[in-house]
Number of protein chains: 2
Amino acid sequence: MDTHAIVVGVGTELTSGLTVDTNSPYLSRRLAELGIVTLSHQIVDDHVDRISEALLQATERAEVVIVTGGLGPTADDLTRQALAKAMGVELVLDEAGLAEIAAFFRRRGRAMNRTNRVQAMLPAGAEALANAAGTAPGIFARLGKARVFVVPGVPAEMRRMTADHILPRLTDLAGGWRLAYRTLGVFGAGESDIASRLADLMGRQVNPLVGTTVAGGVISVRIIARAQTEAEARRRADETAQIVRERLGDYVFGSDGDTLAAAVGRLLGDRGATLCLAESCTGGRIGQLVTAVPGASETFLGGVVCYANRVKRDLLGVPEALLTAHGAVSKPVAEALATGARERFAATYALAVTGIAGPGGATEDKPVGLVYTALAGPAGVRVERSLFPGGREAVRMRTALTALNMLRLDLANVRES
Amino acid sequence: MDTHAIVVGVGTELTSGLTVDTNSPYLSRRLAELGIVTLSHQIVDDHVDRISEALLQATERAEVVIVTGGLGPTADDLTRQALAKAMGVELVLDEAGLAEIAAFFRRRGRAMNRTNRVQAMLPAGAEALANAAGTAPGIFARLGKARVFVVPGVPAEMRRMTADHILPRLTDLAGGWRLAYRTLGVFGAGESDIASRLADLMGRQVNPLVGTTVAGGVISVRIIARAQTEAEARRRADETAQIVRERLGDYVFGSDGDTLAAAVGRLLGDRGATLCLAESCTGGRIGQLVTAVPGASETFLGGVVCYANRVKRDLLGVPEALLTAHGAVSKPVAEALATGARERFAATYALAVTGIAGPGGATEDKPVGLVYTALAGPAGVRVERSLFPGGREAVRMRTALTALNMLRLDLANVRES
């Protein structure tokens, strides 16, 4: 039987969208380490009744409730009052807490404000939690079947109190579970295609848990395994990762936060090979992705952003006749860009892209989204034609990733043969 | 009487803390522009009953409920089912929606997967909302006294659908107010500096409302004016925008969604001038920003990503002696890169950057974040030295923007004289 948690974030700066709540995700990750599953994050504004109601509901549904925020000294800090209301008790002054707050101000050589006194108030029957990183003490209370922790919303204080108080008081609930995470980066197939290949693994509530997310044009397959020992959790996660790899084959480019460009860089490095680029429609995007990887200089020489036709001609030696006969967005020009770049940079591989990113520039034969991607290497030059959907940036990003993936597949296959 | 909203975010990747929810804050900010106050953000895991319960509770408390996520084609995408359950109806196939999804796949030249069919299912009585940025249609329904919108969790799709469907269907709740928006793009000063110059305008609850946000390294000053007529709202917004422009002077580079690169492109176009680039540490980022602007080809010729030293020498003519004597990250090399690029591309202006983005590559004299930015133009060449804080990507982005801003200020001043 799982232990469940609900995290409550208090503050109108959160509900109004002025601040992004990073506390709740942090707490969920820390709780997951103990095998405690977070059911929901409840972000509520600075309003006593709404905070109190959120607390009551949370304590009905979860054994652990963690509240961040609303412990400051000002009139809109209402978590203390809301907890007392939910518990049906009064706020009382905690003399030890008051002494600690006073000591905090003495250490900083500052006068304690009268309003700070409220920070030493506690719901009757609750316990103060010392705050080693700030003024406001936290609160621990039992409400219904739940353990309730209240900590400040300041991230540094929240993190410190999580380590000092929350996790130590929950170890008995961990049920001895240990968790292991794996993430596989996937490119070249749609999310629905990937999901249908993993349908049986992605059923809910199984261990290991398998899910997919899409970000920046690539798909991540996430695996979370749990077991009584860390070694066993890791073994299960690895086992499932292996099954996913087998099912998805070449679509998997890397693991645990690898980017496609990092995977390409590693393959190039393994072979002692170098890369250069000729980018037309992407305008530098491929270079930017490649050089986002620390240490890219070991395999990446550079590139030419050949936006104007005369740059294709003057810097990369594309014959004028080719440009006139076929247009810049064509198979022969993509080929010439790749071979021209490979020669001039004296690189092992050259990737070249030319296409119509839109919104302008399309003709009847050459619609927006039409892209030629060329790869020149020791074995010659190869061109792929694609038609990408979406707006200008989507086409450009997709083009950049497709080019990198073309090189990745080539390097992976060469290596195996 | 305020109109209230509750935003529901669906996904185990959110409740487990693997992903930070930025959708709900975004939606709260957009709703606030209509005067709609968000009471809470409810983040729930991929579980039909819990999503359904969150929807029922939300619709009891708020007139507007917006749900993000859980519309994908996979087994753990359950928002559709949960909404049907909350409404007490069945899911039915929306033929028009199915045709749209099929068309999306045809355009991409890919086979539509059987699992994508589920994305065309709707709770009976609900309405599909076209998704111009992805596969999954959104959903609009009425539940109790509330209007419920469901949109995908992918931020780009969520934002697009907010503009296309959500805000237009809520304007009647704005209380007869007409709103006018202005956004000014600001670069070259910190957010706190900007805020202190605009302190009197940024007081809360005033009309026009003035606020700042930071994204992608630039600050946006947003102005929202409301009045009984559109003309009056626009007049007020323009008046405040003018005051902001006067206060911030040269820091303002553009308005209403302009990027720094777009502002530079316009200034170049006005003068019939052209631009080329020599990028070392940014690896193509400047080119990517410049070519993200549709029509960039009118003023942008191209660039060289000169990552390896021999590319700086062979393609841009930087003397080997200069590289040996001063190192690649130096004032003389930045200068040589800019003049070399300007000659080879026969451009009016050349921007060159060379720096240490980290984490490796630093020496005692040359720390991470050290960057030289050079601008070569008809009036000669000029170099600026900067020391940027932050990690690799922050340094690279800051470098790219600083280079573009250097050209912008130059073009703006030349024009005025």
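What follows is a short walk through one predicted model, from chain A as a whole to some of its strands and a few single residues.

First, the conventions. The model is predicted, so that local features need pLDDT of at least 70 and side-chain atom pairs count only at pLDDT 80 or more, while totals for chains, interfaces and linings use all residues. Residues are numbered from 1 along each chain as its sequence is written, chains are lettered from A and ligands numbered from 1 in the order in which they are written, and side-chain values use heavy atoms, with hydrogens and water left out.

Let me begin with chain A overall. Its secondary structure comes to 14 helices and 17 strands, where helices (H or I, at least four residues) and strands (E, at least two) are DSSP runs numbered from the N terminus. The radius of gyration of chain A is 29 Å, whereas a compact globule of 417 residues would have one near 22 Å; the radius is taken over C-alpha atoms, and the globule rule is 2.2 Å times the number of residues to the power 0.38. Along the principal axes, the C-alpha atoms of chain A fill a box of roughly 90 × 45 × 40 Å.

Of the 417 residues of chain A, 55% count as buried, and here buried means under 20% relative accessible area, exposed over 50%, and partly exposed in between, with a 1.4 Å probe and protein chains only. Among the contacts in chain A with a separation of 6 or more, 67% are between residues 24 or more positions apart, a contact being heavy atoms within 4.5 Å. As for charge, chain A carries 46 positive and 44 negative side chains, and the centres of the two sets lie 2 Å apart. In that count Lys and Arg are positive and Asp and Glu negative, with His and the chain ends not counted, and the place of a charge is taken as NZ of Lys, CZ of Arg, CG of Asp or CD of Glu.

Now to the strands, where I would keep one general point in mind. In a regular strand the side chains alternate between the two faces of the sheet.

Take strand S1 of chain A, residues 3–10, in which 8 of 8 residues are buried. Both of its faces are covered, with A:Thr3, A:Ala5, A:Val7 and A:Gly9 on one side and A:His4, A:Ile6, A:Val8 and A:Val10 on the other. S1(A) runs parallel to strand S2, residues 36–44, with 8 bridges between them, and A:Val7 stands opposite A:His41 there. It also runs parallel to strand S3, residues 64–68, through 5 bridges, where A:Val8 stands opposite A:Val67. Two strands are said to pair if DSSP finds at least two bridges between them.

Strand S13 of chain A, residues 275–279, is mostly covered too, with 5 of its 5 residues buried. S13(A) pairs in the parallel sense with strand S14, residues 300–306, over 5 bridges, and A:Ala278 stands opposite A:Val304 in S14(A).

Which way do the neighbours of strand S16 run? S16(A), residues 370–377, is joined to strand S15, residues 349–355, by 6 bridges in the antiparallel sense, and to strand S17, residues 380–387, by 8 bridges, again antiparallel. A:Val371 of S16(A) is the bridge partner of A:Gly355, and its bridge partner in S17(A) is A:Ser386. A hairpin of 2 residues links S16(A) to S17(A), and 8 of the 8 residues of S16(A) are buried.

Leaving aside neighbours within four places in sequence, A:Ser52 is in contact with A:Ala82, A:Lys85 and A:Ala86.

A:Val20 lies in the loop between helix H1 (12–15) and helix H2 (23–33) of chain A, and at 32% relative accessibility A:Val20 counts as partly exposed. With neighbours within four places set aside, A:Val20 is in contact with A:Leu14 and, in chain B, with B:Val20, B:Asp21, B:Thr22 and B:Pro25.

That brings me to chain B, where helix H2, residues 23–33, has 8 of its 11 residues buried and is therefore largely enclosed by the rest of the structure. Among those buried residues are B:Pro25, B:Tyr26 and B:Leu27. Just after H2(B), B:Gly35 takes a positive phi of about 85°.
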